Amino acid sequence: VQGLEGVNFFEAVIRKSVLNTEQKSILLNILNVCFDEDIFAFDVNRHQLIRELEWWKDGKKIVCEIDWIPLGNRHGLTERFMIVLRDVTHLRLLQMEAETNMRKLTLIDVLLNVDPDRFSLVIGECEATLASMQKSLHSDDRTASLWQSIRRNLHTEKGNLRALGLKNLSTCLHELEDAIESYLRAPADDSSHETNNLSHQLMVADRELKLVSSFFYDTLRRGRALTTQSSGLKEEQIFLWLERLQNLSGDSLTRELASFREKICRSAPYGHQALISQLEEAHANQAKNLGFHKPQILWSGTPLVFQAKAFNQILSAFHHLVRNSLDHGFTKAAESIIPIIRVEAQLLVQGRLRLIYQDNGNGLNLKQLQHKLSQYHPGQPPRDDSELAEFIFAQGFSVKDSISETSGRGIGMDAVRSTCEKLGGSIHVRYTAPATADGYRAFAFEMELAMQDILSWPLANPNLQVA
């Protein structure tokens with residue numbers, strides 16, 4: 001590697017690399033352990049030494065492979081290390097290009113089965129979030145509320161992409177979340193490494209996004225514009241129904257209208273049945289990885305058809321809720337139980353829609369919530385269980401001890417609350433039973449939303465009573 005001959009290795013390379021402080025300290029400690037020891041000490045610790053290193057030079061990322069060769073003295077003790085660096089930056093770029101070509105092949109099956117309207121909405125939101133992030137990073141704007149909004153949107157879009165089967169792009173956003181957290185934790189006057197790393201992860205995500213988008217629109221030539229929403233019924237079927245309705249009255253008319261509405265809502269691309277189907281399929285693998293059966297989602301109450309944009313927003317919120325149910329609601333002792341989620345839709349007065357979500361899991365672990373809350377928000381404890389439950393919507397609050405690709409950041413439930421507020425409503429926890437002896441308490445999520453600009457069927461009507 002040019003320009004490194006004869007200089008201090010740690011000063012020239014390690015300190016300027018993307019390794020964090022802990023990784024640098026561990027590396028230095030391993031090497032110190034090996035000095036003045038026989039070759040056996042090196043062999044024992046060899047696996048902990050880094051084999052590849054990245055750092056930034058003139059705004060470009062350099063990737064090198066590293067070989068560590070101990071040099072002994074006449075007594076057979078390690079006196080020095082010969083460190084061989086090979087610049088593999090170009091090789092990694094070629095490998096990335098080859099992987100991109102392979103991904104194009106695997107994308108075909110996924111993208112051919114994706115609904116064009118859903119794809120356009122999800123990709124459009126993802127593009128907007130990355131653009132907002134790029135602008136904030138360029139201006140070094142660290143406003144907390146701005147980045148909280150970015151993280152919330154990113155977390156939601158990551159789940160939406162995974163639900164579409166776009167796992168590589170979803171993984172890119174997950175790594176971008178890690179980079180954001182490091183960037184925001186770093187002091188503003190000493191964050192060049194974190195800034196460079198965030199810029200790089202943003203570039204990787206943007207490149208993957210453009211690859212998927214280009215492949216969908218240009219290669220497969222699937223539609224960019226949203227298609228006209230259709231009920232899925234043929235025109236002649238609708239006229240047949242209308243003809244039959246003309247000759248009916250009273251109870252017969254009521255039954256036929258209810259049947260007609262149910263048929264429309266079940267076959268509509270943005271109906272409640274489409275919502276259920278997409279949720280069940282999207283979370284089948286998550287349930288399997290956790291050792292559970294595929295979840296079943298049961299709808300009751302009023303059949304609904306959503307407007308396209310609202311459908312996407314509500315689907316995103318429900319993705320978070322289902323992930324939350326599977327991650328937190330069931331224990332390994334319940335492996336044989338099929339996760340069942342019940343959603344009830346109620347039309348209220350003044351053009352309001354209530355959605356009630358409840359699973360058949362253990363309920364809220366009140367003891368665990370209380371323990372985590374004492375760490376997250378020390379001071380005045382909650383007055384009762386209801387106040388305690390509301391903290392699950394707080395930004396940054398999670399009962400998980402570690403971060404996974406689906407949970408642990410304390411963003412998902414905050415995103416659900418934000419979505420409800422965007423839809424002119426709110427969400428809260430309603431307990432459905434007393435606490436058990438081991439501290440669990442069954443509950444339901446209640447979302448109350450404004451029907452205007454949400455539903456295509458039935459239309460908002462201030463005179464409607466609770467269903």
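Two strands pair if DSSP finds at least two bridges between them; strands (E, at least two residues) and helices (H or I, at least four) are DSSP runs, numbered from the N terminus. The model is predicted: local features need pLDDT of at least 70, side-chain atom pairs count only at pLDDT 80 or more, and totals for chains, interfaces and linings use all residues. Residues are numbered from 1 along each chain as its sequence is written, and side-chain values use heavy atoms, with hydrogens and water left out.

**Exercise 1.** Determine the strand order of the open sheet of three strands.

*Solution.* Step 1: the order is β1-β2-β3, with antiparallel pairing. Step 2: β1 (52–57) and β3 (78–87) are the edge strands, since each pairs on one side only. Step 3: from one strand to the next, the twist averages 40 degrees.

**Exercise 2.** Describe how β2 is joined to β3, and which helix packs on the sheet.

*Solution.* Step 1: strand β2 (residues 60–72) runs antiparallel to β3 and is joined to it by nine bridges. Step 2: Leu 71 has Arg 80 in β3 as its bridge partner. Step 3: helix α4 (residues 89–112) packs on the sheet and touches β1, β2 and β3, where contact means heavy atoms within 4.5 Å.

Notes. Axes are lines fitted to C-alpha atoms, for helices over the stretch in contact, and angles run from 0 to 180 degrees between N-to-C directions.
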